[in-house]
Amino acid sequence: MSEKALGPAWGSFIRNALLVAVLAGMIYAAFNLRLPPLDELQQRIEDFGWAAWIVFIAVYAAVAMTPIPVTIMAVSGGLIFGTLLGSLLSVVGVLIGCFAAYHLARFLGTQAVRKLLGSHAEKVEAHLEGAGFEAVCALRLTPGVPYWPVNYGSGAFGVTQRDFVVASAVATVPGQVALVALGAFIADQTIVNGVVIGVAWSVVVAMTIWAYRSWRGTSSHRLPGASA
């Protein structure tokens with residue numbers, strides 16, 4: 001048998017093996033892993049001293065690739081680092097995780113990602129197949145919509161890398177700042193932190209409405225970062 005004939009077979013084997021590994025990891029994470037309470041998570045990360053920034057970003061990126069909600073990481077960012085630095089680290093961490101999941105989905109392929117998404121598959125595919133910037137923005141901004149199905153669905157169902165990365169960056173910032181500011185307010189209940197929470201959530205609501213109108217083609221103004 002020629003090497004050329006062996007190539008696709010090995011490629012299929014690797015993709016299937018990786019799919020099994022990812023599925024096993026997600027099932028394990030969903031049923032066995034729980035992030036510790038905020039105060040315990042704060043202490044664990046602070047114990048790393050100068051490396052706390054790196055550890056926080058790495059943990060956040062890993063969480064963003066799994067069904068574990070990202071909310072506790074963002075709130076922890078505010079508790080540990082304050083609003084400004086916490087927002088920066090949270091956005092960096094979650095975007096790294098989103099980008100990694102997107103490319104993992106592209107490697108696995110559409111059929112494998114359908115299996116990976118399970119009960120989310122039909123709805124995610126309906127929203128994202130042939131969609132682009134506006135769809136990713138709307139789903140990212142909508143409270144209660146998990147990050148991970150959007151990440152994997154975008155990679156599997158045809159959202160371009162440019163639209164995915166830019167839309168994720170634009171839509172992620174307001175929500176992350178709002179959650180980080182909440183953590184900062186828990187740690188230090190100042191007027192400034194309270195104002196930041198109010199402003200950030202107002203921006204989230206306004207941008208969610210704007211994104212959905214753009215997605216449906218009823219907005220007269222393009223979202224920031226939307227391609228011409």
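# Notebook: rings, core and helices

I searched the whole structure for ring pairs and found four aromatic pairs. My criterion was that rings of Phe, Tyr and Trp (its six-membered ring) pair if their centres lie within 6.5 Å, with planes under 30 degrees apart counted as stacked, over 60 as edge-to-face and the rest as tilted.

**Ground rules.** This is a predicted model, so I kept local features to pLDDT of at least 70 and side-chain atom pairs to pLDDT 80 or more, while totals for chains, interfaces and linings use all residues. Residues are numbered from 1 along each chain as its sequence is written, and side-chain values use heavy atoms, with hydrogens and water left out.

**Ring pairs.** I looked at Phe-56 and Phe-81 and found an edge-to-face pair, 5.4 Å centre to centre with 75° between the planes. Phe-56 belongs to helix H3 and Phe-81 to helix H4, so this pair ties together parts that are 25 residues apart in sequence. Both Phe-56 and Phe-81 are buried; by that I mean under 20% relative accessible area, with exposed being over 50% and partly exposed in between (1.4 Å probe, protein chains only). Helices here are DSSP runs (H or I, at least four residues), as are strands (E, at least two), numbered from the N terminus.

Next I turned to Trp-148 and Tyr-152, which also form an edge-to-face pair: 6.4 Å centre to centre, 70° between the planes. They are four residues apart in helix H8, so about one helical turn separates them. I noted both Trp-148 and Tyr-152 as buried.

I also saw that ring pairs join Phe-56, Tyr-60 and Phe-81 into a cluster. Arg-140, for its part, lies over the face of Tyr-147, at 4.9 Å from the ring centre. The test there was NZ of Lys or CZ of Arg within 6 Å of the ring centre and within 35 degrees of the ring normal.

**Overall make-up.** I counted 10 helices and zero strands in the protein. Of its 228 residues, 44% count as buried. Among contacts between residues at least 6 apart in sequence, 77% join residues at least 24 apart; contact means heavy atoms within 4.5 Å.

**Core.** Which residues have the most contacts inside the largest nonpolar core? They are Leu-117, Leu-128 and Tyr-152, in a core of 53 residues. Helices H3 (52-64), H4 (71-108), H5 (110-117), H6 (121-128), H7 (133-141), H8 (147-156), H9 (161-187) and H10 (191-216) each supply at least two residues of this core. H4 gives the most, with 13 residues. A nonpolar core is a set of buried Ala, Val, Leu, Ile, Met, Phe, Trp, Tyr and Cys residues joined through side-chain atoms within 4.5 Å.

**H5.** I found Ala-112, Val-113, Leu-116 and Leu-117 buried in this helix. They cover an arc of only 135° around the axis, which puts them on the same side of H5; the arc is taken from the directions from the helix axis to the C-beta atoms. Gln-111 and Lys-115 are exposed on the face turned away from the buried side of H5. Gly-118 follows H5, and its phi is positive, near 60°.

**His-120.** I placed His-120 in the loop between H5 and H6. With a relative accessible area of 32%, His-120 is partly exposed. Not counting residues up to four places away in sequence, His-120 touches Trp-148 and Pro-149.

**H7.** Why is H7 largely enclosed by the rest of the structure? Eight of the nine residues of H7 are buried, among them Phe-133, Cys-137 and Arg-140. The cover over the buried residues of H7 includes H4, H6, H8, H9 and H10.

**H9.** Gln-176 lies in helix H9, and I logged Gln-176 as buried at 1% relative accessibility. Leaving aside neighbours within four places in sequence, Gln-176 is in contact with Tyr-60, Val-70, Ala-74, Ser-90, Val-91, Val-94 and Tyr-147. Arg-162 is also found in helix H9, but Arg-162 is partly exposed, with a relative accessible area of 39%.

**Confidence.** The protein averages a pLDDT of 79, and 80% of the residues score at least 70; pLDDT is the predictor's confidence in each residue, from 0 to 100. Over residues 1-6 I saw pLDDT stay under 50, and the model has one contact beyond four places in sequence for them. Where pLDDT is low, the predicted coordinates should not be read in detail.
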